[in-house]
Amino acid sequence: MDTSSLFRLDGRVALVTGGSRGIGRMIAAGFVAQGARVYVSSRKAAACDETAAELGPNCIALPADVSTVEGCRALAAALAEREERLDILVNNAGAAWGVPFTEFPESGWDKVMDLNVKSPFFLTQALHPLLKAAGGRERPAKVVNITSIDGMRLNGWETYSYQASKAALIQLTKRLAARLVHDGINVTSIAPGAFASDMNKAARDHGDTVARGIPAGRIGEAEDMAGAAIYLASRAGDYVIGETITVDGGLVHASLGTSIDA
């Protein structure tokens, strides 16, 4: 048994949506460091270009808006013009909406559910030919959905559509896994806890306070997220199918009481 290259991604092609910042950028940087060619996508072309320039020649900007089915199909078509296969898809693009129950708008429900649940399904569907071209029993292609611990337990924020969407995506991960494994494509998810990002402003702006409610005593770092994603994307994670890996410093599974929301 040779474990020296278990976590390498040499020669593999990856696409990370929402890859220009936050958790998506952490994952993209980790993939590049392990030898992958990584396409980063988001609505803002300038942000994609900046990330690609910072991460080096193996990171390519491919801006797109995946909030609609048409946008998902356009991104898949753009990638197909550049690549004959896709080894790794990370469905990371997402949105949140927090408003009191009595004021929560339909627009806040639809925007979040569309981007967080509908888009991962239809982007995976649109990229199915490229994923299938890369996959097989000996080296499966990978789809990694970025879910959240908020889909696993309640938090104190009135983010109704966000929590519902992440719970739905965890279940959708299992259903997609059951179907796509027959095409040599493994589907899994990562449920992050507190990581500093524009979406998680509490962790970004008040990390020390948030950390007091986490069993590990700190918020997540880029290496924590990159490590989990590299594991699932590489040979090391080839026998993991349909699983959601919780990366939260123990908040969900090792916490004894009410803690500060992540």
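User: How do the residues of the lining of the largest cavity divide into nonpolar, polar and charged?
Analyst: The model is predicted, so local features need pLDDT of at least 70 and side-chain atom pairs count only at pLDDT 80 or more, while totals for chains, interfaces and linings use all residues. Residues are numbered from 1 along each chain as its sequence is written, and side-chain values use heavy atoms, with hydrogens and water left out. Ala, Val, Leu, Ile, Met, Phe, Trp, Tyr, Cys and Pro count as nonpolar, Asp, Glu, Lys and Arg as charged, and the others, Gly among them, as polar. On this basis, the lining of the largest cavity has five nonpolar, four polar and no charged residues.

User: What is the volume of the largest cavity?
Analyst: A cavity is a set of points on a 1 Å grid over the protein atoms alone where a 1.4 Å probe fits but cannot get out, and lining residues have an atom within 4 Å of a point. The whole structure holds one cavity of 30 Å³ or more. Its volume, the space filled by probe spheres set on the points, is about 40 Å³.

User: Which helix gives the most to the lining of the largest cavity?
Analyst: The lining is made up of Thr17, Val66, Asn91, Asn92, Ala93, Leu115, Ser119, Pro120 and Leu123. Helices are DSSP runs (H or I, at least four residues), numbered from the N terminus. With four residues, the most is given by residues 106–126, which form helix α4.

User: At what angle do α3 and α4 cross?
Analyst: Axes are lines fitted to C-alpha atoms over the stretch in contact, and angles run from 0 to 180 degrees between N-to-C directions. For helix α3 (residues 69–80) and α4, the axes come within 9 Å, and the crossing angle is roughly 35°.

User: Which residues of α3 meet α4?
Analyst: Contact means heavy atoms within 4.5 Å. On the α4 side are Lys118, Ser119, Phe122, Leu123, Gln125 and Ala126. Facing them in α3 are Val69, Cys72, Arg73, Leu75 and Ala76.

User: Are α4 and α6 oblique or roughly parallel to each other?
Analyst: The axes of α4 and helix α6 (residues 160–180) lie 9 Å apart, at an angle of about 15°. Angles under 35 degrees count as roughly parallel, over 145 as roughly antiparallel, 65 to 115 as roughly perpendicular and the rest as oblique. The two helices α4 and α6 are therefore roughly parallel.

User: How many charged residues does the contact of α1 with α9 have?
Analyst: Helix α1 (residues 22–33) packs against helix α9 (residues 222–233) at about 60°, with the axes 8 Å apart. That angle makes α1 oblique to α9. Ile23, Met26, Ile27, Gly30 and Phe31 of α1 touch Ala222, Met225, Ala226, Ala229, Ile230 and Ala233 of α9. By class, this contact has ten nonpolar residues, one polar residue and, for charged residues, no such residue: the count is no charged residues.

User: Which residues are the closest to the centre of the second largest pocket?
Analyst: A pocket is an open set of points with protein on both sides within 12 Å along at least five of seven lines. The second largest pocket has a volume of about 240 Å³. Among the 13 residues lining this pocket, the closest to its centre are Gly136, Arg137, Pro140, Asn186 and Asp238.
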